[in-house]
Amino acid sequence: MLENSSRTELESLGEFGLIDLLTSHIKIHHTSTLKGVGDDAAVLHHENKRTVVSTDLLLEGVHFDLSYFPLKHLGYKAIVVNLSDIYAMNATPKQVTVSIGVSSKFSLEAIEDLYAGMLLACNRYEVDLVGGDTSSSKQGLVISVTAIGEANESDLVYRDGAKPNDLLCVTGDLGGAYIGFQLLEREKRVFLSNPEVQPDLEGKDYIVERQLKPEARKDIIQLFKDIDVKPTSMIDISDGLASEIMHLCSKSKVGMNLHEEKIPIDPQTYETARDFDLDPTLTALSGGEDYELLFTVSQADFDKIKSQPDITIIGYVTEASEGINMISKSGNKHALKAQGWKAF
Ligand code: ADP
Ligand code: MG
(Lines give C-alpha, C1' and ligand atoms only; values in the text may rest on other atoms or scores of the structure.)
(Ligands and ions follow the chains in the order given, each with its own letter.)
Protein backbone atom coordinates (compact mmCIF):
# COMPACT_ATOMS: atom_id res chain seq x y z
CA MET A 1 0.00 0.00 0.00
CA LEU A 2 1.28 3.48 -0.85
CA GLU A 3 1.78 5.83 2.03
CA ASN A 4 -0.38 8.95 2.19
CA SER A 5 1.20 11.87 0.38
CA SER A 6 -1.17 14.78 1.19
CA ARG A 7 -0.86 16.68 4.47
CA THR A 8 -3.67 17.57 6.90
CA GLU A 9 -2.55 19.41 10.04
CA LEU A 10 -3.51 17.62 13.28
CA GLU A 11 -4.46 21.01 14.73
CA SER A 12 -7.35 21.26 12.30
CA LEU A 13 -8.92 18.09 13.80
CA GLY A 14 -8.41 18.43 17.53
CA GLU A 15 -7.90 15.48 19.90
CA PHE A 16 -11.39 14.00 19.62
CA GLY A 17 -11.52 14.34 15.86
CA LEU A 18 -8.19 12.52 15.66
CA ILE A 19 -9.31 9.72 18.01
CA ASP A 20 -12.52 9.28 16.01
CA LEU A 21 -10.62 8.99 12.76
CA LEU A 22 -8.00 6.63 14.13
CA THR A 23 -10.45 4.30 15.81
CA SER A 24 -13.08 4.24 13.06
CA HIS A 25 -11.53 1.20 11.30
CA ILE A 26 -11.19 -0.99 14.38
CA LYS A 27 -12.57 -4.53 14.03
CA ILE A 28 -13.44 -6.56 17.13
CA HIS A 29 -12.44 -10.27 16.97
CA HIS A 30 -13.28 -11.56 20.45
CA THR A 31 -16.37 -11.98 22.57
CA SER A 32 -14.06 -11.36 25.55
CA THR A 33 -14.03 -7.71 24.44
CA LEU A 34 -17.30 -6.58 26.04
CA LYS A 35 -16.56 -2.90 25.53
CA GLY A 36 -13.80 -1.46 23.33
CA VAL A 37 -13.04 2.14 22.40
CA GLY A 38 -15.64 4.79 23.27
CA ASP A 39 -16.16 4.81 27.02
CA ASP A 40 -13.99 5.78 29.97
CA ALA A 41 -12.52 2.29 30.07
CA ALA A 42 -12.65 -0.95 28.10
CA VAL A 43 -14.42 -3.95 29.63
CA LEU A 44 -12.96 -7.44 29.15
CA HIS A 45 -14.13 -10.87 30.19
CA HIS A 46 -11.55 -13.67 30.21
CA GLU A 47 -13.85 -16.38 31.58
CA ASN A 48 -11.93 -18.84 33.78
CA LYS A 49 -8.53 -17.89 32.43
CA ARG A 50 -5.56 -16.04 33.83
CA THR A 51 -5.00 -12.54 32.43
CA VAL A 52 -1.51 -11.71 31.15
CA VAL A 53 -0.46 -8.07 30.66
CA SER A 54 2.64 -6.51 29.12
CA THR A 55 3.57 -2.91 28.19
CA ASP A 56 6.28 -1.32 26.05
CA LEU A 57 7.26 2.28 25.50
CA LEU A 58 8.81 3.39 22.21
CA LEU A 59 10.47 6.79 21.85
CA GLU A 60 11.54 8.41 18.61
CA GLY A 61 15.33 8.77 18.52
CA VAL A 62 15.76 6.16 21.25
CA HIS A 63 13.93 3.10 19.92
CA PHE A 64 13.32 4.00 16.29
CA ASP A 65 14.64 6.31 13.60
CA LEU A 66 11.99 7.63 11.22
CA SER A 67 14.54 8.46 8.53
CA TYR A 68 14.37 4.86 7.37
CA PHE A 69 11.47 3.42 9.37
CA PRO A 70 8.19 3.84 7.46
CA LEU A 71 5.39 4.73 9.88
CA LYS A 72 3.21 1.87 8.73
CA HIS A 73 5.99 -0.58 9.55
CA LEU A 74 6.59 1.13 12.86
CA GLY A 75 2.93 0.70 13.79
CA TYR A 76 3.05 -2.96 12.82
CA LYS A 77 6.24 -3.58 14.80
CA ALA A 78 4.97 -1.70 17.87
CA ILE A 79 2.05 -4.14 18.12
CA VAL A 80 4.02 -7.27 17.21
CA VAL A 81 6.77 -6.78 19.80
CA ASN A 82 4.15 -6.54 22.52
CA LEU A 83 2.33 -9.64 21.34
CA SER A 84 5.66 -11.46 21.42
CA ASP A 85 5.85 -10.88 25.19
CA ILE A 86 2.44 -12.48 25.65
CA TYR A 87 3.35 -15.50 23.50
CA ALA A 88 6.53 -15.84 25.58
CA MET A 89 4.25 -16.66 28.53
CA ASN A 90 2.62 -19.41 26.38
CA ALA A 91 -0.50 -17.22 26.46
CA THR A 92 -2.72 -15.85 23.70
CA PRO A 93 -2.97 -12.07 23.24
CA LYS A 94 -6.56 -10.88 22.86
CA GLN A 95 -6.56 -7.11 23.31
CA VAL A 96 -4.18 -4.14 23.04
CA THR A 97 -4.32 -0.51 24.04
CA VAL A 98 -2.30 2.10 22.19
CA SER A 99 -1.21 5.46 23.55
CA ILE A 100 0.50 8.04 21.37
CA GLY A 101 2.17 11.40 21.85
CA VAL A 102 2.50 13.29 18.57
CA SER A 103 4.33 16.52 17.74
CA SER A 104 3.11 19.02 15.15
CA LYS A 105 5.68 17.79 12.60
CA PHE A 106 3.32 14.86 11.98
CA SER A 107 0.31 15.22 9.69
CA LEU A 108 -2.96 13.34 10.02
CA GLU A 109 -1.89 11.22 7.04
CA ALA A 110 1.32 10.20 8.82
CA ILE A 111 -0.57 9.11 11.94
CA GLU A 112 -3.09 7.27 9.78
CA ASP A 113 -0.19 5.33 8.25
CA LEU A 114 1.01 4.45 11.74
CA TYR A 115 -2.48 3.20 12.64
CA ALA A 116 -2.86 1.32 9.35
CA GLY A 117 0.21 -0.69 10.37
CA MET A 118 -1.12 -1.23 13.88
CA LEU A 119 -4.52 -2.38 12.64
CA LEU A 120 -2.89 -4.66 10.07
CA ALA A 121 -1.01 -6.38 12.90
CA CYS A 122 -4.17 -6.50 15.06
CA ASN A 123 -6.10 -8.20 12.25
CA ARG A 124 -3.29 -10.63 11.40
CA TYR A 125 -2.82 -11.69 15.01
CA GLU A 126 -6.52 -11.42 15.85
CA VAL A 127 -6.30 -8.95 18.69
CA ASP A 128 -8.76 -6.17 19.49
CA LEU A 129 -7.57 -2.57 19.83
CA VAL A 130 -9.73 -1.59 22.79
CA GLY A 131 -8.47 1.81 23.88
CA GLY A 132 -5.60 4.16 24.46
CA ASP A 133 -4.73 7.77 24.96
CA THR A 134 -3.80 10.60 22.62
CA SER A 135 -1.72 13.63 23.44
CA SER A 136 0.43 16.21 21.73
CA SER A 137 4.15 15.98 22.41
CA LYS A 138 6.73 18.79 22.34
CA GLN A 139 9.10 16.75 20.28
CA GLY A 140 8.90 13.59 18.28
CA LEU A 141 6.69 10.56 18.45
CA VAL A 142 5.93 8.52 21.57
CA ILE A 143 4.13 5.17 21.34
CA SER A 144 3.11 2.97 24.23
CA VAL A 145 1.35 -0.32 23.63
CA THR A 146 -0.16 -2.59 26.29
CA ALA A 147 -1.04 -6.13 25.29
CA ILE A 148 -3.53 -8.22 27.26
CA GLY A 149 -3.76 -11.97 26.85
CA GLU A 150 -5.24 -15.04 28.45
CA ALA A 151 -4.11 -18.56 29.33
CA ASN A 152 -5.16 -21.47 31.48
CA GLU A 153 -3.17 -21.25 34.66
CA SER A 154 -1.65 -24.67 33.99
CA ASP A 155 -0.39 -23.56 30.56
CA LEU A 156 1.54 -20.48 31.69
CA VAL A 157 5.31 -20.72 31.21
CA TYR A 158 7.61 -18.54 33.29
CA ARG A 159 11.31 -17.78 33.10
CA ASP A 160 12.06 -19.69 36.29
CA GLY A 161 11.18 -23.30 35.47
CA ALA A 162 14.32 -24.59 33.70
CA LYS A 163 15.84 -27.74 35.31
CA PRO A 164 19.29 -29.34 34.83
CA ASN A 165 19.32 -31.68 31.78
CA ASP A 166 16.47 -29.84 30.06
CA LEU A 167 17.10 -29.07 26.38
CA LEU A 168 17.63 -25.44 25.35
CA CYS A 169 15.73 -24.60 22.15
CA VAL A 170 15.17 -21.60 19.92
CA THR A 171 12.72 -20.91 17.08
CA GLY A 172 13.58 -19.55 13.62
CA ASP A 173 16.98 -17.96 13.10
CA LEU A 174 18.93 -15.23 14.87
CA GLY A 175 20.90 -12.09 14.13
CA GLY A 176 18.93 -11.00 11.06
CA ALA A 177 17.22 -8.00 12.65
CA TYR A 178 20.51 -6.60 13.90
CA ILE A 179 22.26 -7.01 10.56
CA GLY A 180 19.23 -5.42 8.86
CA PHE A 181 19.62 -2.51 11.26
CA GLN A 182 23.33 -2.17 10.43
CA LEU A 183 22.49 -2.15 6.74
CA LEU A 184 19.80 0.53 7.11
CA GLU A 185 22.13 2.66 9.22
CA ARG A 186 24.84 2.40 6.59
CA GLU A 187 22.48 3.39 3.80
CA LYS A 188 21.29 6.33 5.90
CA ARG A 189 24.90 7.55 6.32
CA VAL A 190 25.47 7.20 2.58
CA PHE A 191 22.27 9.12 1.87
CA LEU A 192 23.17 11.91 4.32
CA SER A 193 26.56 12.40 2.71
CA ASN A 194 25.17 12.19 -0.84
CA PRO A 195 21.37 12.41 -1.28
CA GLU A 196 21.76 11.53 -4.98
CA VAL A 197 22.70 7.95 -4.10
CA GLN A 198 19.80 5.51 -3.91
CA PRO A 199 19.86 2.99 -1.05
CA ASP A 200 21.42 -0.31 -2.04
CA LEU A 201 19.32 -2.99 -0.38
CA GLU A 202 19.17 -5.40 -3.28
CA GLY A 203 19.15 -9.05 -2.29
CA LYS A 204 18.77 -8.03 1.35
CA ASP A 205 14.99 -8.38 1.67
CA TYR A 206 15.11 -10.95 4.42
CA ILE A 207 17.28 -9.03 6.89
CA VAL A 208 15.63 -5.67 6.12
CA GLU A 209 12.27 -7.29 6.77
CA ARG A 210 13.55 -8.86 10.00
CA GLN A 211 14.28 -5.31 11.19
CA LEU A 212 11.34 -3.40 9.68
CA LYS A 213 8.61 -6.02 9.83
CA PRO A 214 9.26 -8.62 12.52
CA GLU A 215 6.69 -11.29 13.34
CA ALA A 216 5.81 -12.81 16.70
CA ARG A 217 5.73 -16.61 17.06
CA LYS A 218 2.01 -17.19 17.40
CA ASP A 219 2.50 -20.35 15.33
CA ILE A 220 4.84 -21.85 17.93
CA ILE A 221 2.32 -21.41 20.75
CA GLN A 222 -0.15 -23.31 18.59
CA LEU A 223 2.49 -25.94 17.81
CA PHE A 224 3.11 -26.52 21.54
CA LYS A 225 -0.60 -27.29 21.91
CA ASP A 226 -0.66 -29.52 18.82
CA ILE A 227 2.33 -31.65 19.86
CA ASP A 228 1.43 -31.48 23.54
CA VAL A 229 4.63 -29.88 24.79
CA LYS A 230 4.82 -27.42 27.64
CA PRO A 231 8.22 -25.72 27.89
CA THR A 232 9.72 -25.63 31.37
CA SER A 233 10.83 -22.00 30.87
CA MET A 234 10.53 -19.45 28.08
CA ILE A 235 11.48 -15.90 27.05
CA ASP A 236 11.30 -13.97 23.78
CA ILE A 237 14.49 -12.71 22.17
CA SER A 238 14.36 -8.95 22.24
CA ASP A 239 17.88 -8.19 23.49
CA GLY A 240 19.98 -11.00 21.98
CA LEU A 241 20.46 -14.69 22.68
CA ALA A 242 23.21 -14.25 25.30
CA SER A 243 21.23 -11.84 27.43
CA GLU A 244 18.04 -13.96 27.26
CA ILE A 245 20.00 -17.09 28.25
CA MET A 246 21.29 -15.16 31.26
CA HIS A 247 17.73 -14.23 32.22
CA LEU A 248 16.52 -17.85 32.07
CA CYS A 249 19.57 -18.98 34.08
CA SER A 250 19.28 -16.35 36.80
CA LYS A 251 15.51 -16.81 37.24
CA SER A 252 15.73 -20.62 37.13
CA LYS A 253 18.97 -20.75 39.19
CA VAL A 254 20.66 -23.07 36.68
CA GLY A 255 23.63 -23.02 34.32
CA MET A 256 23.63 -23.68 30.58
CA ASN A 257 25.88 -25.00 27.84
CA LEU A 258 25.21 -23.38 24.48
CA HIS A 259 26.70 -24.99 21.36
CA GLU A 260 27.89 -22.33 18.93
CA GLU A 261 27.61 -24.60 15.87
CA LYS A 262 23.92 -25.17 16.60
CA ILE A 263 22.91 -21.49 16.64
CA PRO A 264 20.56 -21.04 13.64
CA ILE A 265 21.75 -18.23 11.38
CA ASP A 266 20.21 -17.49 7.99
CA PRO A 267 22.69 -17.43 5.04
CA GLN A 268 21.83 -13.79 4.19
CA THR A 269 22.48 -12.79 7.79
CA TYR A 270 25.74 -14.73 7.78
CA GLU A 271 27.07 -13.22 4.55
CA THR A 272 26.06 -9.66 5.38
CA ALA A 273 27.62 -9.93 8.83
CA ARG A 274 30.84 -11.02 7.12
CA ASP A 275 30.63 -8.03 4.73
CA PHE A 276 30.38 -5.78 7.79
CA ASP A 277 33.36 -7.52 9.41
CA LEU A 278 31.09 -8.77 12.18
CA ASP A 279 31.21 -12.25 13.64
CA PRO A 280 27.86 -13.87 12.70
CA THR A 281 27.77 -15.71 16.03
CA LEU A 282 28.18 -12.42 17.87
CA THR A 283 25.29 -10.84 15.95
CA ALA A 284 23.07 -13.72 17.10
CA LEU A 285 24.34 -13.50 20.68
CA SER A 286 24.15 -9.73 21.05
CA GLY A 287 22.04 -8.40 18.20
CA GLY A 288 18.52 -8.57 19.51
CA GLU A 289 15.09 -7.72 18.10
CA ASP A 290 14.65 -11.14 16.50
CA TYR A 291 11.45 -11.82 18.50
CA GLU A 292 12.04 -15.54 18.34
CA LEU A 293 11.24 -17.72 21.36
CA LEU A 294 13.97 -19.20 23.55
CA PHE A 295 12.77 -22.04 25.77
CA THR A 296 13.71 -25.17 27.63
CA VAL A 297 11.92 -28.53 27.48
CA SER A 298 12.32 -31.71 29.44
CA GLN A 299 14.42 -34.50 27.82
CA ALA A 300 11.24 -36.54 27.74
CA ASP A 301 9.96 -34.21 24.99
CA PHE A 302 13.02 -34.68 22.77
CA ASP A 303 11.21 -36.87 20.24
CA LYS A 304 8.40 -34.34 19.85
CA ILE A 305 10.80 -31.42 19.35
CA LYS A 306 13.67 -32.90 17.35
CA SER A 307 12.01 -32.97 13.92
CA GLN A 308 10.22 -29.60 14.09
CA PRO A 309 11.58 -27.50 11.20
CA ASP A 310 11.20 -24.20 13.07
CA ILE A 311 12.83 -25.33 16.32
CA THR A 312 16.56 -25.89 16.89
CA ILE A 313 18.07 -27.50 19.97
CA ILE A 314 21.09 -25.33 20.77
CA GLY A 315 22.24 -26.61 24.13
CA TYR A 316 21.19 -27.94 27.49
CA VAL A 317 20.65 -26.87 31.07
CA THR A 318 23.24 -27.64 33.75
CA GLU A 319 23.61 -27.10 37.48
CA ALA A 320 24.16 -23.45 38.37
CA SER A 321 27.64 -24.31 39.67
CA GLU A 322 28.76 -25.18 36.11
CA GLY A 323 28.11 -21.62 34.96
CA ILE A 324 26.82 -20.29 31.66
CA ASN A 325 29.03 -21.35 28.78
CA MET A 326 29.33 -21.46 25.04
CA ILE A 327 31.08 -24.45 23.47
CA SER A 328 32.77 -22.91 20.43
CA LYS A 329 32.94 -24.52 16.98
CA SER A 330 36.50 -25.61 17.80
CA GLY A 331 35.30 -27.31 21.00
CA ASN A 332 36.53 -24.78 23.56
CA LYS A 333 34.35 -23.75 26.45
CA HIS A 334 33.96 -20.00 27.14
CA ALA A 335 31.93 -18.24 29.80
CA LEU A 336 29.07 -16.50 27.99
CA LYS A 337 28.96 -12.72 28.26
CA ALA A 338 25.72 -10.85 27.82
CA GLN A 339 26.05 -7.75 25.73
CA GLY A 340 22.42 -6.95 25.18
CA TRP A 341 21.27 -4.15 23.03
CA LYS A 342 20.88 -1.52 25.70
CA ALA A 343 18.40 1.28 25.19
CA PHE A 344 20.66 3.65 27.13
P1 ADP B 1 -10.36 10.09 28.51
O2 ADP B 1 -10.59 11.56 28.53
O3 ADP B 1 -11.19 9.31 29.45
O4 ADP B 1 -8.89 9.74 28.53
P5 ADP B 1 -10.31 9.97 25.69
O6 ADP B 1 -11.13 11.06 25.09
O7 ADP B 1 -8.84 10.13 25.74
O8 ADP B 1 -10.90 9.60 27.09
O9 ADP B 1 -10.60 8.64 24.88
C10 ADP B 1 -11.89 8.31 24.41
C11 ADP B 1 -11.89 6.88 23.95
O12 ADP B 1 -10.97 6.72 22.88
C13 ADP B 1 -11.46 5.90 25.03
O14 ADP B 1 -12.19 4.71 24.83
C15 ADP B 1 -9.99 5.67 24.73
O16 ADP B 1 -9.57 4.40 25.18
C17 ADP B 1 -9.98 5.77 23.23
N18 ADP B 1 -8.70 6.28 22.70
C19 ADP B 1 -8.10 7.45 22.96
N20 ADP B 1 -6.95 7.58 22.29
C21 ADP B 1 -6.78 6.44 21.59
C22 ADP B 1 -5.81 5.93 20.70
N23 ADP B 1 -4.70 6.62 20.39
N24 ADP B 1 -6.00 4.72 20.15
C25 ADP B 1 -7.08 3.99 20.47
N26 ADP B 1 -8.07 4.40 21.27
C27 ADP B 1 -7.93 5.61 21.84
MG1 MG C 1 -7.49 10.28 27.19
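User: How do the residues of the shell around ligand 1 divide into nonpolar, polar and charged?

Analyst: Seven are nonpolar, five polar and four charged. Here Ala, Val, Leu, Ile, Met, Phe, Trp, Tyr, Cys and Pro count as nonpolar, Asp, Glu, Lys and Arg as charged, and the others, Gly among them, as polar. This is a predicted model: local features need pLDDT of at least 70, side-chain atom pairs count only at pLDDT 80 or more, and totals for chains, interfaces and linings use all residues. Residues are numbered from 1 along each chain as its sequence is written, and side-chain values use heavy atoms, without hydrogens or water.

User: Which residues come nearest to ligand 1?

Analyst: Of the 16 residues around ligand 1, these are Gly 38, Asp 39, Tyr 115, Gly 132 and Thr 134. Near means a heavy atom within 4 Å.

User: What is 2.8 Å from a nitrogen atom of ligand 1?

Analyst: An N or O atom in the side chain of Thr 134. A polar contact here is a pair of N or O atoms within 3.5 Å. On the oxygen side, a backbone N or O atom of Gly 38 lies 2.8 Å from an oxygen atom of ligand 1. A polar backbone atom of Asp 39 is 3.1 Å from an oxygen atom of the ligand.

User: How much of ligand 1 does the protein bury?

Analyst: The protein buries 75% of the 550 Å² that ligand 1 exposes when taken alone. Those areas come from the Shrake-Rupley method with a 1.4 Å probe.

User: Which strand gives the largest share of the shell?

Analyst: Strand 5, with five residues. Strands are DSSP runs of E, at least two residues; helices are H or I, at least four. Helix 1 (14-23), strand 4 (92-102) and strand 5 (128-136) each supply at least two shell residues.

User: Where does strand 5 stand in its sheet?

Analyst: The open sheet has four strands in the order 3-6-4-5, with mixed pairing. Pairing takes at least two DSSP bridges between two strands. Strand 3 (50-59) and strand 5 are at the edges with a single partner strand each, so one side of each has no neighbour in the sheet.

User: How many bridges pair strand 4 and strand 5?

Analyst: Eight, in the parallel sense. Ser 99 stands opposite Asp 133 in strand 5.

User: New topic. What is the order of the seven-strand sheet?

Analyst: That open sheet runs 8-10-7-11-9-12-13, again with mixed pairing. Strand 12 (residues 324-327) and strand 13 run antiparallel, joined by three bridges. Ile 327 has Lys 333 in strand 13 as its bridge partner.

Definitions and conventions. Chains lettered and ligands numbered in written order. Polar contact = N/O pair within 3.5 Å; in protein donor to acceptor, adjacent residues only side chain to side chain.
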